[in-house]
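Take a look at the protein chain below. We will walk through how its parts meet.

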Amino acid sequence: MSDKEVILTPDGLKRLEEELETLKSVKRREVAERIKVAIGYGDISENSEYEDAKNEQAFIEGRVITLEKMLRNARIINSDEIVTDVVSIGVTVSVEDMEYGDIMEYTIVGSAETDPLNNKISNESPVGKAIIGKKKGTIVDVSVPAGVIQYKILDIRMK
């Protein structure tokens, strides 16, 4: 991961800080205990419990490094920076699919906070790129693998 700026909302910052704290204070201890128990089983060269615990330890340490770097390079978008006359990071946007009439609601966040299951999309996603900076009532073309989808921006508001 490069040292590029990571854009976060205050909620996103809190979630990343909580994850980092959990990894450092809870998960590290748990995996260390698993390694200790696995070593107690004897020969570690053919010990799957030991191998699994070491792999988990490597994953945890990698995630800790990633989170620390993200937090070091974080730029927090505060509510006083968010405007609702155009689509920007931190706003919730209602859009209408011009072909099917479906209405969807997305919260625009930085890439580190993306959570499609909770309708949080990145400003770098195809939809995010297409609507960022646009005003209410604008129709935008979104390039997707299946072709082009047209969305009309119905509403822009603080989440």
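Which domains does the domain assignment of the protein chain give? There is domain 1 (6–76) and there is domain 2 (80–158); such bounds come from an automatic or database domain assignment. The model is predicted, so local features need pLDDT of at least 70 and side-chain atom pairs count only at pLDDT 80 or more, while totals for chains, interfaces and linings use all residues. Residues are numbered from 1 along each chain as its sequence is written, and side-chain values use heavy atoms, with hydrogens and water left out.

Start with the spacing. The C-alpha centres of the two domains are 33 Å apart. Their contact (heavy atoms within 4.5 Å) draws 10 residues from domain 1 and 7 residues from domain 2.

Now the area. Between them the domains bury about 650 Å², with 53% of it on carbon and sulfur atoms. Buried area is the accessible area (1.4 Å probe) that two parts lose on being put together, summed over both. On the domain 1 side, Ile7, Thr9 and Arg15 account for 63% of the area buried against domain 2, more than any other three residues.

Next, the salt bridges. The domains share 1 salt bridge, meaning a side-chain nitrogen of Lys or Arg within 4 Å of a carboxyl oxygen of Asp or Glu. The side chains of arginine 75 and glutamate 81 form a salt bridge at 3.7 Å, N to O.

Which residue classes make up the side of domain 1 that touches domain 2? That side has 5 nonpolar (Ala, Val, Leu, Ile, Met, Phe, Trp, Tyr, Cys and Pro), 2 polar (the others, Gly among them) and 3 charged (Asp, Glu, Lys and Arg) residues.
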